[in-house]
Structure formats: C-alpha cells, structure tokens
Amino acid sequence: MSPVTLLPFIVLIGAMFLMTRSAKKKQQQAASMRNDMQPGSGVRTIGGMYATVKEVNEDTVLLDAGPGVHLMFAKNAIGAVLSDDEYNRIVHGPEATDDELAGDAVVPDDASSLTGTDETAADASRIDLGKKDEADPADEAKPAGTVEAPTADAAPEAGTEAKKTDGESDAK
C-alpha cells in the first residue's frame, strides 16, 4: 500500500487520540477537584444546587443546604467546588458598598408618591367597562332584510329536533 492511501486512516487515528486525551484530562481534573473537597467549602451540584460541604466520605458527600437541611450526595454529583468569595457572592448576593449606604435616598411611605400623577386627573380618564342599556350599534349597522342565525338558546321550531352540541345527551 502506498502512504497516500494510509494517510486518511492515520489522520482519523490521530484525531481520536487527541479527543480521548482531552476527555481523560478533564475527568482527572474533576476527580482531583472532588477529592480535594474539605468540610466548610461551598459547592454547586450538577443539578444547580448550592450548598456547603459538611462531611466527606469515600463515595458520598454530606451537604448543608440550609438551616437543618442535610443532604447526602454522591461525589460524582458535585459539579464544582467554589471559592469562598464566589460562593458568598452567589448565595448571599453582592455586598452593598459604603457609598451606596451613605446616599441621601428617600424612601416613600406609599406607592402614590412614585407615580407622580394627580388623583383627580386619573379619575377623569377612567373608562367605564360596565354594560350599557342602549341598543347595540352593531345591530343598527345591519342592512334591512338580513336574517340572523338562531342562537343555541333559541327554542327549535315545532316539528324539528334541536341539534345536540358537545356535552348534551338524550338521557333524561
């Protein structure tokens, strides 16, 4: 065989080797990260739950998810071990700086001061959504001689049987 015919096979084998090597490297990093966990460190599970490591066993980890909530997880379920700063930022939120706390912010007592509108102007612009006793303008717009289809509430004419709709039956 000539080297030209073997070249595609060599390239495929080399690509497969490089892909498996990078996957193995990632698996080894994840395993060392899980083995380096210490009680008190913050973690994120593969399901997205944040908790603090309470106890590390051979194959399992006991997590403290909140006051009085202790959960047992497999070590493989730990997605990431977080630094203390990152864990506190995610769980407790960003800390307010002294500049934000020292501002002259005025907190209103009620929501009406936030809108900035006058109550009398708001009352005048309200729309009445109630029913009106007047004739329907759509009825007046119909040309003379048009016949409406009977509604479901209308009684059938004598000698004809009413059509049944969904949910109705002959049982009495």
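Modeller: Two strands are taken to pair if DSSP finds at least two bridges between them. In this predicted model, three bridges join β1 (residues 42-45) to β2 (residues 50-56), and the two strands run antiparallel.

Colleague: How many residues lie between β1 and β2?

Modeller: The two strands form a hairpin with four residues between them. In that turn, G48 has a positive phi of about 95°.

Colleague: What strand pairs with β1 through four bridges?

Modeller: In general, strands of a sheet pair through backbone hydrogen bonds, either parallel or antiparallel. Here β5 is joined to β1 by four bridges, and these strands run antiparallel. Within that pairing, V43 stands opposite V81 in β5.

Colleague: In what order do the five strands of the open sheet stand?

Modeller: The order is β4-β3-β2-β1-β5, with antiparallel pairing. β4 (69-74) and β5 (78-82) stand at the edges; each has a single partner strand, so one side of each is left without a neighbour in the sheet. On average, neighbouring strands of the sheet are turned by 40° against each other, direction ignored.

Colleague: Which strands does helix α2 lie across?

Modeller: Helix α2 (residues 84-92) lies across β1, β2 and β5, and runs at about 135° to β2.

Colleague: How may one check the span of helix α1?

Modeller: The general idea is that an α-helix has 3.6 residues a turn, so residues three or four places apart point the same way. For α1 (residues 3-35), 33 residues at 1.5 Å a residue should span 48 Å; the end C-alpha atoms are 47 Å apart, which agrees.

Colleague: How many residues of α1 are buried?

Modeller: The cut-off for a buried residue is under 20% relative accessible area. By that criterion, the count for α1 is two among its 33 residues, and the helix is hardly covered.

Colleague: What pattern do helices and strands follow along the sequence of the protein?

Modeller: The protein has six helices and five strands, and the pattern reads α-β-β-β-β-β-α-α-α-α-α.

Definitions and conventions
Residues numbered from 1 in each chain as written. Predicted model: local features only at pLDDT ≥ 70, side-chain atom pairs only at ≥ 80, totals over all residues. Heavy atoms only, no water. Axes fitted to C-alpha atoms, helices over the stretch in contact; angles between N-to-C directions. Contact = heavy atoms within 4.5 Å. Expected span 1.5 Å × (residues − 1). Buried < 20%, exposed > 50% of the residue type's maximum accessible area, 1.4 Å probe, protein only.
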